[in-house]
Amino acid sequence: MNGTWWLTQGDTRIGELRQYAIDQPTFLCHFIPGPGWEGVRARFESWAALHGPDPDGSRTAQVIKPIMDLGLTLVAEDEGRPMALFKECIVCIDGDTARVRC
């Protein structure tokens, strides 16, 4: 996989991710917000702000669960098949960068 992905919620485009490098097993991308970004921004910012040890995973689960509940999908430009976030791929967004792991 390479190129461009669209992060969507139903018919709403959350943003565009353009790959610029690979840090195995993660694709590094530039993130361009779409019309739906403001509605989900705070949830991704909470996840990006999470730092430090989390031995039992409870802090991570607390910030990821609201993102999972959004029902987001990632669609690759060259494949077109939607991938469900946290089932088939993971997308971390921090400012104008994103990391994709499929």
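Q: Which residues are exposed on the other side of H1?
A: Glu38 and Ala42 are the exposed ones there. Keep in mind that this is a predicted model.

Q: OK, and which residues of H1 are buried?
A: Trp37, Val40, Phe44 and Trp47. Looking down the axis of H1, those buried residues sit within an arc of 85°, so they line one face of the helix.

Q: What does that buried set pack against?
A: Quite a list: E1, E2, E3, H2 and E6.

Q: Let's pick one. How accessible is tryptophan 37?
A: Tryptophan 37 has a relative accessible area of 5%. Buried means under 20%, so tryptophan 37 counts as buried.

Q: And who does tryptophan 37 touch?
A: Setting aside neighbours within four places in sequence, tryptophan 37 is in contact with Ile14, Phe31, Phe44 and Ile93. Phe31 and Phe44 turn up again with Trp37 in one aromatic cluster.

Q: How far is tryptophan 37 from aspartate 94?
A: Their C-alpha atoms are separated by 12 Å, and the two residues are 57 residues apart along the chain.

Q: Back to aromatics. How many aromatic pairs are there in the whole structure?
A: A search finds four. One of them joins tryptophan 47 and phenylalanine 86: the ring centres are 5.6 Å apart and the planes are at 40°, so that pair is tilted.

Q: Where do those two sit?
A: Tryptophan 47 is in helix H1, and phenylalanine 86 is in the loop between strand E5 (82–84) and E6, so the pair ties together parts that are 39 residues apart in sequence.

Q: Is tryptophan 47 buried or exposed?
A: Tryptophan 47 counts as buried, at 14% relative accessibility.

Q: What's the phi of phenylalanine 86?
A: Phenylalanine 86 has a positive phi of about 70°, although it is not a glycine.

Q: What about lysine 87, where is that?
A: Lysine 87 is in the loop between E5 and E6, and phenylalanine 86 is found in that loop too. Lysine 87 is exposed, with a relative accessible area of 74%.

Q: How far apart are lysine 87 and aspartate 11?
A: From C-alpha to C-alpha they are 19 Å apart in space, and in sequence they are 76 residues apart.

Q: Switching to the other helix. Which residues of H2 are buried?
A: In H2, which covers residues 58–68, they are Val63, Ile64 and Ile67. Down the axis of H2 these fall within an arc of 95°, so they line one face of the helix.

Q: And what do they pack against?
A: The buried residues of H2 pack against H1.

Q: Serine 58, then: how accessible is that one?
A: Serine 58 is partly exposed, with a relative accessible area of 40%. It lies in helix H2. Between the C-alpha atoms of serine 58 and tyrosine 20 there are 32 Å, for residues 38 apart along the chain.

Q: Which residues line the largest pocket?
A: Tyr20, Leu28, Phe44, Trp47, Ala48, Cys92, Ile93, Asp94, Thr97, Ala98 and Arg99. By kind, that lining divides into eight nonpolar, one polar and two charged.

Q: Some strands before we stop. Where is threonine 4?
A: Threonine 4 is in strand E1, residues 4–9. With a relative accessible area of 13%, threonine 4 is buried.

Q: What is threonine 4 in contact with?
A: Leaving out neighbours within four places in sequence, the contacts of threonine 4 are Glu16, Leu17, Arg18, Val75, Ala76 and Glu77.

Q: Last one: is the peptide bond from glutamine 24 to proline 25 cis or trans?
A: That peptide bond is cis, with omega near 5°. Proline 25 is in the loop between strand E2 (12–23) and strand E3 (26–33).

Definitions and conventions: Residues are numbered from 1 along each chain as its sequence is written. This is a predicted model: local features need pLDDT of at least 70, side-chain atom pairs count only at pLDDT 80 or more; totals for chains, interfaces and linings use all residues. Side-chain values use heavy atoms; hydrogens and water are left out. On a 1 Å grid over the protein atoms alone, a cavity is a set of points where a 1.4 Å probe fits but cannot get out, and a pocket is an open set with protein on both sides within 12 Å along at least five of seven lines; lining residues have an atom within 4 Å of a point. Ala, Val, Leu, Ile, Met, Phe, Trp, Tyr, Cys and Pro count as nonpolar, Asp, Glu, Lys and Arg as charged, and the others, Gly among them, as polar. Buried means under 20% relative accessible area, exposed over 50%, partly exposed in between (1.4 Å probe, protein chains only). Helices (H or I, at least four residues) and strands (E, at least two) are DSSP runs, numbered from the N terminus. The arc is that of the directions from the helix axis to the C-beta atoms. Contact means heavy atoms within 4.5 Å. Rings of Phe, Tyr and Trp (its six-membered ring) pair if their centres lie within 6.5 Å; planes under 30 degrees apart count as stacked, over 60 as edge-to-face and the rest as tilted.
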